[in-house]
Amino acid sequence: MSALARHLRELIAQEGPLTLERFMGLALGHPTMGYYITRDPFGVEGDFTTAPEISQMFGELIGLWAAETWVAMGAPPRIRLVELGPGRGTLMQDALRAASVVPAFAQAIDVHLVETSPVLAQAQKATLGRLAIPVTWHGGIETIPPGPAIVIANEFFDALPVRHYVNQAGAWRERLVGLDQGNRFTFGVSREAETSIKAQAPEGAVIEIGAVGQRIMSALAGRLVAQGGAALIIDYGYTQTSIGETLQALRGHRFVDPLDQPGEADLTTHVDFAALGRAARAAGAGVHGPITQGVLLTGLGILDRARALTRRADAAQEGQIEAALARLISAQAGIVVGGGVVDGMGQLFKAICVTAPGMATPAGFEHRQS
Ligand code: SAH
């Protein structure tokens, strides 16, 4: 049993069952034993992989998007380029390299990385530490200095804890994690009902609420409204708030029981883009999208970029570029890549762009606006 599992059992024995939000928050972010705090989870050896780790094209297109957005903002002399949950720093590295084709933008940037994991902050330092552009690390968005900002968040919101409410005998009760007779983690519900939820649903139905993510979105949107800028949020998720839950645990690229190995498995949920959009609009910001990742990357020119890379590639590299392209933009399940089978991210992943009010439609979002 992991040290964190032991700690959580003691906590439950002392204080009673934990809300799912607290359990998930500790499993992922306990200051010394949390999943993200103790490891680099990416890649073949790790638990999952992400778009910037699949291909340099992803970060490059986002870098060019940021430069274009900066120009659309009237090219302010200083711009905070912010990334939430930067992983290994790969996206930012590729973005800055691509954005250097707009030298005035490169000169206006200072980079701010919001990261809670010391292991990943170290990886980011190794990737980005030698750049001429100043890079500062933050534990949350509150400490980023004021001024116009361009914010990127890829697979950040899915890593934040959620609340579940279960419909039992006509009342919505919060899902808790307690211990069963055998001292194993088990789900239960709170005694008190949550009366603010009015949804009608069958007995046993579950509602998932990403309250932590909505709070971050609300603060971020408030900042963009007051100080200018735009945020590009990309993640797997859905476009309409609905009944049902999406909590999943991944370990070594396989699904495991979310309660089985706290701190050892990645716990995530699909992001409710409608709820994030509502939080941003309530703060006065403009919201563009959601659109699918396939539409976004195609709109930003990934086909041309793949063609340009292919021209300089040997046969093996050409195969890799094609496989990466398919994986990033295809809606197809079960694509064969390098001996393995993966699902295309083009449809499952969505993007929204949150802007200061009055800003023009951001690049890539021209065809669908809400
Ligand atoms: N964007 C990267 C990594 C995604 S994984 C990529 O696409 O590869 C999620 C990232 O968010 C990790 O860097 C993790 O350490 C970070 N993270 C998770 N919860 C966080 C929180 N509450 N605050 C800041 N960073 C967080």
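1. In this predicted model, an oxygen atom of the ligand lies 2.5 Å from an N or O atom in the side chain of Glu-115. Such a pair counts as a polar contact, which is a pair of N or O atoms within 3.5 Å; within protein, one atom must be able to donate a hydrogen and the other to accept it, and residues adjacent in sequence count only if both atoms are side-chain atoms. The backbone takes part as well: an oxygen atom of the ligand is 3.0 Å from a polar backbone atom of Gly-87, and a nitrogen atom of the ligand is 2.7 Å from a polar backbone atom of Asn-154. Taken alone, the ligand exposes 570 Å², of which the protein buries 91%; accessible areas come from the Shrake-Rupley method with a 1.4 Å probe, and for residues only the protein chains shown count as cover.

2. The ligand is surrounded by 17 residues, the closest being Thr-50, Gly-85, Gly-87, Glu-115 and Asn-154, where a residue is near a molecule if one of its heavy atoms lies within 4 Å of it. This shell divides into eight nonpolar, six polar and three charged residues; Ala, Val, Leu, Ile, Met, Phe, Trp, Tyr, Cys and Pro count as nonpolar, Asp, Glu, Lys and Arg as charged, and the others, Gly among them, as polar.

3. A note on how to read the values: residues are numbered from 1 along each chain as its sequence is written, and side-chain values use heavy atoms, with hydrogens and water left out. Local features need pLDDT of at least 70 and side-chain atom pairs count only at pLDDT 80 or more, whereas totals for chains, interfaces and linings use all residues.

4. Helix 2, covering residues 20-29, is mostly covered, since seven of its ten residues are buried, namely Leu-20, Glu-21, Phe-23, Met-24, Leu-26, Ala-27 and Leu-28. Here buried means under 20% relative accessible area, exposed means over 50%, and partly exposed lies in between (1.4 Å probe, protein chains only). Helices (H or I, at least four residues) and strands (E, at least two) are DSSP runs, numbered from the N terminus.

5. Some backbone geometry deserves a careful look, because most residues other than glycine have a negative phi, and most peptide bonds are trans. Asn-183, which is not a glycine, has a positive phi of about 65 degrees; Asn-183 sits in the loop between strand 7 (171-179) and strand 8 (185-193) and, at 39% relative accessibility, counts as partly exposed. His-253 likewise is not a glycine and has a positive phi of about 65 degrees; His-253 lies in the loop between strand 11 (248-251) and strand 12 (254-256), and is partly exposed with a relative accessible area of 40%. The peptide bond from Gly-289 to Pro-290 is cis, with omega near 5 degrees, and Pro-290 belongs to strand 15 (residues 286-292).

6. Gln-214 in helix 9 (residues 211-227) is partly exposed at 27% relative accessibility, and its C-alpha atom is 10.0 Å from that of Leu-160, 54 residues away in sequence.
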